[in-house]
Amino acid sequence: MIEMAELLSQEVLAYIGMVAVVAFVVFSILLSIGVLSTYIFFRKKKIVQSTTSKISSFFLRILLIVLDFLYLPSKKTISFLGGNDAMVDVVNAEIRNMLFKNGFSAIPYNERVIILPQCLRDTECPASFSSVEGSRCAGCGRCKIYKITEKAKKLGYKGTYIAPGGGFVKRIIQNTKPNAVIGVGCPYEVNLGLLEVSNRGIPCQGVILLKSGCVKTDVDLASVYNVMELH
């Protein structure tokens, strides 16, 4: 009986070891796919976008699942290899933009809102603050927020909001109940925002800042306008 128990325990250990090896191999393969895909999307963005019509949404969704699942390992691996781990957020955001573009474009302008980060404001910004709407643009013209706000008014957008943080974005969405959302921010905030908004069933698009930081950041107006005008 003792010998049989020992044999069984050895077989169990061998089985566990085999499962562990297989799991490690699968994880390594998926991680390699995630890191390689991130590099290709980040470095060859224009090429990928030009072939988007040939890439099925099914493939993009599977790729996004892999990238989301391996989000932290991918960032750590890229950082270890000397790269900028923000590219993981950039790539994830770009894929979400591709997947949600058609749904977003179908929503009328007057049912959309655009949410801008507080860091885009000028350091001497005279904007007032509302606990419901965030900062209110005073129209001083010192930063690009004014131009984006005016563009939104011309298109007939439901509203333009300046959020001091991610938590405030949720409050804006709950209060305004938009049918589509544009978010502008740093790679991490845009990727996270697109994930949270899409999980609510709201079509969305994100525009990543040219320069991230806490103050005096910058954004490409042409990129913002192009997304705002999608229809």
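**A surface patch, a helix pair and salt bridges**

Phe-58, Ile-62 and Ile-65 together make a nonpolar patch on the surface, with about 330 Å² of accessible area. Such a patch gathers residues with over 30% relative accessible area and no salt bridge, nonpolar side chains (Val, Leu, Ile, Met, Phe, Trp, Tyr) being joined within 5 Å and like charges within 9 Å. Accessible areas follow the Shrake-Rupley method with a 1.4 Å probe, and for residues only the protein chains shown count as cover. The model is a predicted one, in which local features need pLDDT of at least 70 and side-chain atom pairs count only at pLDDT 80 or more, while totals for chains, interfaces and linings use all residues. Residues are numbered from 1 along each chain as its sequence is written, and side-chain values use heavy atoms, with hydrogens and water left out.

Phe-58 belongs to helix 3 (residues 57-69); helices (H or I, at least four residues) and strands (E, at least two) are DSSP runs numbered from the N terminus.

A salt bridge, defined as a side-chain nitrogen of Lys or Arg within 4 Å of a carboxyl oxygen of Asp or Glu, joins Arg-96 and Asp-68 at 2.7 Å, N to O. Because Arg-96 lies in helix 5 and Asp-68 in helix 3, the pair ties together parts that are 28 residues apart in sequence. Arg-96 is buried at 3% relative accessibility, and Asp-68 is partly exposed at 31%. Helix 5 (residues 86-105) also holds Phe-104, which is buried at 0% relative accessibility.

A further salt bridge connects Lys-151 and Glu-229 at 2.5 Å, N to O. Lys-151 lies in helix 6 and Glu-229 in the segment after helix 9, so this pair ties together parts 78 residues apart in sequence. The axes of helix 6 (residues 144-155) and helix 9 (residues 221-228) come within 11 Å and cross at roughly 20°. The two helices are therefore roughly parallel to each other.

Note on methods. Axes are lines fitted to C-alpha atoms, for helices over the stretch in contact, and angles run from 0 to 180 degrees between N-to-C directions. Angles under 35 degrees count as roughly parallel, over 145 as roughly antiparallel, 65 to 115 as roughly perpendicular and the rest as oblique. Buried means under 20% relative accessible area, exposed over 50%, partly exposed in between (1.4 Å probe, protein chains only).
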